[in-house]
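User: Hi, I'm new to this one. Could you walk me through it with some questions and answers?

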Amino acid sequence: DLKHAEGLGAETIVAETLGSKEDPELMKTLKRLLDSKEVVLEVREAKGAEGEAVAHLRCKVFGQGSSMYHSQRNKLRRSPHYLLAGVYHTTFLVGVARGCSAEGKEVCWKLRSQGLKELYEKGWLTTDEFDMMQEQMEEEWKMRPELVVGSVDCSTHESFEADGRLRRWVYISSMAVHEQFRGRGLGTKLLQGADTHARKIFGVDRTFLHVEELNGVALRLYQRADFVQADTSVPTIRNMDRRLRLVLQVPKEASLYFRCLHKPSGDGKTEAETSAPQPLSPSAQQSLSPWSEGGKRPIAV
């Protein structure tokens, strides 16, 4: 689960608590600026050194320590791509707060500076690392005066259906939202960003994720976004679920959910199904299928 080595890539969660002390007056000002739209929330692919900010956010959200921070930091440093579990090509998106007024920019800068200072005070950064990241942060702020307050990972997978059709699909994981920015639609925007990313990949017609039924906040968010529980009695879905649980250490309490990206066409098939590649020969299926009995590990796209 999230406490294991691959934990932050295993489950999709909307954070309910940050577990850190925030300046009450600064938070009150932030709320006012969000209400007045002087600070706005947007979603895009991560850029520059934002992977380090994402690593810090996730560790705070998921209650992880220094070792996980450094693991995540190393994995995410090449924004916006990395290999999930060393196999699956993954793009991570960020939710950012952008100040639209002088006061909005000042508050976002203070929060960003506080985050870096917190890392240093915890001993997660050496003095040299802190100085280097401070300088880097100041340079990036000149180009992008934004604060990372959310993130989600989108990994691409391939499998073959029983009829030989190649399926590509996107798995959503590690969704996190800063406590002070919850309840403002950022979770929905992150899901919409994941959909936009998935639609750019040829052949993708569905997105999948795991969520624990007891995580009411996340479950309601996904159900409002038209995610439904996957039928794991279907062999292809069952094998997919098993492979994800094995490779990504998904908690056993979590259930697999999915959402179709395209509306059905007149013949009942989705747009992706009507444009799917032609079936491969049985021998090709056997050599490539990651879900068949004895099949090889999934292909990273």
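What follows is a short chat about this predicted model.

Analyst: Some ground rules before we start: residues are numbered from 1 along each chain as its sequence is written, and side-chain values use heavy atoms, with hydrogens and water left out. Since this is a predicted model, local features need pLDDT of at least 70 and side-chain atom pairs count only at pLDDT 80 or more, while totals for chains, interfaces and linings use all residues.

User: How many helices and strands does the chain have?

Analyst: Helices (H or I, at least four residues) and strands (E, at least two) are DSSP runs, numbered from the N terminus. Going by that, the chain has 8 strands and 10 helices.

User: What share of the residues is buried?

Analyst: Buried means under 20% relative accessible area, exposed over 50%, and partly exposed in between (1.4 Å probe, protein chains only). The chain has 301 residues, and the buried share of them is 52%.

User: Which residues touch the most other members of the largest nonpolar core?

Analyst: A nonpolar core is a set of buried Ala, Val, Leu, Ile, Met, Phe, Trp, Tyr and Cys residues joined through side-chain atoms within 4.5 Å. In soluble globular proteins, nonpolar side chains tend to be buried together. Here the largest core holds 39 residues, and those touching the most other members are A97, L111, F181, L191, Y222 and F227.

User: What is L191 in contact with, leaving aside its neighbours within four places in sequence?

Analyst: Contact means heavy atoms within 4.5 Å. L191 is one of the residues touching the most other members of the largest core. With those sequence neighbours left aside, its contacts are I172, M175, L221, Y222, A225, F227 and R259.

User: How many salt bridges are there?

Analyst: A salt bridge is a side-chain nitrogen of Lys or Arg within 4 Å of a carboxyl oxygen of Asp or Glu. Counting by that rule gives 22.

User: How many residues apart in sequence are the parts tied together by R112 and E140?

Analyst: These two side chains form a salt bridge, with N to O at 3.5 Å, and both R112 and E140 are buried. R112 sits in helix α4 (residues 102–122) and E140 in helix α5 (residues 127–143), so the parts they tie together are apart in sequence by 28 residues.

User: Which cysteine sulfur is nearest to that of C100, and how far away is it?

Analyst: A disulfide is a pair of cysteine sulfur atoms within 2.5 Å, and the count by this rule is 0. C100 is in no disulfide, and its nearest cysteine sulfur, 8.8 Å away, is that of C108.
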